[in-house]
Amino acid sequence: MTDDAIDWVVGYIHPAMAASSPCSDEGRGSSGATARFHDNGELLFCVRSVRRHAPWVRRIHVVLGRDGPGPAGLAEDDGLRFVQESMLIANLQPNSETKKLGYHRIPGLAQRFISSDDDMFLGRPVDPAFFFDEEGRP
């Protein structure tokens, strides 16, 4: 491969966006908005773990679900970008798996990228070979 850059893409939705949910059942029961969108700072820990344990990642792209705000305490810099969901898919999606179908449309995204949710953390150093073979395939 000519381009060795590898990016990381993380989906995030701000808890305030739950109130404007297009899903009629959110907010009820353990799978509702209160439980699903409570922010325990997962994204901050996710970003920290990628930076610490995968320093070879060129840039982390945070996709802001429902075009909501970014999390408090985390600002864009050379290695971290916030991307509005509407830049990737025409209709804002309540389903986080459906949103991932548009990740390849992120402007400036490396040809090779890793996708995770905001509650995924790296607990020890990893090499690109953990995610890609010698030909650069996932």
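Two strands count as paired if DSSP finds at least two bridges between them. The views below come from a predicted model.

**View 1. An open, parallel sheet of four strands**. The strand order is β3-β2-β1-β4. β3 (80-84) and β4 (112-117) stand at the edges. Each has a single partner strand, so one side of each is left without a neighbour in the sheet. Neighbouring strands are turned by 25 degrees against each other on average, direction ignored.

**View 2. Bridges between the strands, pair by pair**. β2 (residues 59-64) pairs with β3 over five bridges, in the parallel sense. Here Val-63 stands opposite Val-83 of β3. Six bridges join β1 to β2, again parallel. Trp-8 has Ile-60 in β2 as its bridge partner. β1 also pairs with β4, parallel, over six bridges. There, Gly-11 has Asp-117 of β4 as its bridge partner.

**View 3. Strand β1, covered on both faces**. β1 spans residues 6-12. Seven of its seven residues are buried. One side carries Ile-6, Trp-8, Val-10 and Tyr-12. The other carries Asp-7, Val-9 and Gly-11. Trp-8 has a relative accessibility of 1%. Buried means under 20% relative accessible area, so Trp-8 falls in that class.

**View 4. An aromatic cluster that includes Trp-8**. Trp-8, Trp-56, Phe-130 and Phe-131 make up one cluster. The count of aromatic pairs in the model comes to three. One of them joins Trp-8 and Phe-131. Their ring centres are 5.8 Å apart and their planes stand at 85 degrees, so the pair is edge-to-face.

**View 5. A charge over a ring: Arg-112 and Phe-132**. Arg-112 lies over the face of Phe-132. The distance to the ring centre is 5.0 Å. Strand β4 covers residues 112-117 and stands at an edge of the sheet.

Methods:
Residues numbered from 1 in each chain as written. Predicted model: local features only at pLDDT ≥ 70, side-chain atom pairs only at ≥ 80, totals over all residues. Heavy atoms only, no water. Helix = DSSP H or I, 4+ residues; strand = E, 2+ residues; numbered from the N terminus. Axes fitted to C-alpha atoms, helices over the stretch in contact; angles between N-to-C directions. Buried < 20%, exposed > 50% of the residue type's maximum accessible area, 1.4 Å probe, protein only. Phe/Tyr/Trp six-rings, centres within 6.5 Å; stacked < 30°, edge-to-face > 60°. Lys NZ or Arg CZ within 6 Å of the ring centre and 35° of its normal.
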